[in-house]
Amino acid sequence: MWPYPKVLAHRGAGKLAPENTLAALRCGLALGFHAVEFDVMLSKDSVPVLMHDPEFGRTVAGSGLVAGTDAADLLTMDAGSWLDARFQGEPVPSYEQVIHFCREQQIWMNVEIKPSPGHEEVTGRIVAALSAACFADVVSSDPARLPLLSSFSMTALRAAKTAAPQIPRALLLDSPHPDWKSMLQELSAVALHVNHKHLSQEWAAQVKNAGYGLFCYTVNEPERAHELLRWGVDAFCTDYPDRIPADF
Ligand code: G3P
Ligand code: MG
């Protein structure tokens, strides 16, 4: 059984406010969302921060690499102006800041481990260890409140499993992979997260029959969301929490 919420705000509410920032989380919350997906990668000094792209230029102005920049500099960068001038100065948050915010506001987190290329193992290890440290009090009392760590990187997920086996994991796949079941088994994962565009009804049935949670990204049309739920999909994230409500 899927113990988590059914609809998540993707990258916070990353089309309505700057993705992967506290402003986005607040926006989702204002729309009634107590469940979010966001992306986490490491700074040069190994601090997990919310960021989707490994290089600057889209959500943060300039050039350079996240993995080449210390957290002290990253956390003061403007990650808001690119979307709208009213978000000017909205900073890149650290994962730890976001954990505190989400715990305070009772927001459930799907943390996508998004390693910079070549940093897969260390990113999985550090994100899992920090998650475990910040949620040590609920591991046995209320496991449904633990963050769900997902990644496209098997290396990152293997490292997460080794570092903090008690924090649940999910494998992200863009398209069907013949070995999906053995990959989930190896990771002791609880769920498969797939691009809904590449999910068939047959594959959905196989995943559910195998006893795994099934999550889809990124679903922005209510009609499609209804179809996926009919196929047995447990949950999905959306860019538009103003179109698809939390209690969909
Ligand atoms: O976690 C699902 C989804 O966020 C994966 O794709 O590129 O939006 O991080 P992306
Ligand atoms: Mg993501």
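The paragraphs that follow go through these topics in turn.

This is a predicted model, in which local features need pLDDT of at least 70 and side-chain atom pairs count only at pLDDT 80 or more, while totals for chains, interfaces and linings use all residues. Residues are numbered from 1 along each chain as its sequence is written, chains are lettered from A and ligands numbered from 1 in the order in which they are written, and side-chain values use heavy atoms, with hydrogens and water left out.

The magnesium ion (ligand 2) is held by Glu37 (OE), Asp39 (OD) and Glu112 (OE) at 2.0 to 2.1 Å, where donors are N, O and S atoms within 2.8 Å of the metal (3.2 Å for Na, K and Ca), and since water is not among the atoms, sites may look incomplete. Along the chain these donors follow the spacing E-x1-D-x72-E. Glu37 and Asp39 are both buried, a term that stands for under 20% relative accessible area, with exposed meaning over 50% and partly exposed the range in between (1.4 Å probe, protein chains only).

Glu112 is also among the residues that Ser150 touches, along with Asn110, Leu172 and His193, when residues up to four places away in sequence are not counted; contact means heavy atoms within 4.5 Å. Ser150 lies in strand β5 (residues 148-151), strands being DSSP runs of E of at least two residues and helices runs of H or I of at least four, numbered from the N terminus. The relative accessible area of Ser150 is 1%, so this residue is buried.

The largest nonpolar core has 64 residues, and Phe38, Tyr95, Met109, Leu149, Leu171, Leu192 and Leu199 are those with the most contacts inside it; such a core is a set of buried Ala, Val, Leu, Ile, Met, Phe, Trp, Tyr and Cys residues joined through side-chain atoms within 4.5 Å. Helix α1 (residues 22-30) supplies the largest share of this core, six residues. Another core, of 13 residues, lies apart from it and includes Tyr4, Trp108, Ala191 and Phe215.

Helix α5 (residues 154-163) and helix α6 (residues 180-187) pack with their axes 9 Å apart, at an angle of about 30°, and α5 and α6 are therefore roughly parallel to each other, the cut-off for that term being under 35 degrees. Met154, Leu157, Arg158 and Lys161 in α5 meet Met183, Glu186 and Leu187 in α6.

In the loop between α5 and β6 (169-173) sits Gln166, which counts as partly exposed at 37% relative accessibility.

Conventions:
Axes fitted to C-alpha atoms, helices over the stretch in contact; angles between N-to-C directions. Parallel < 35°, antiparallel > 145°, perpendicular 65-115°, else oblique.
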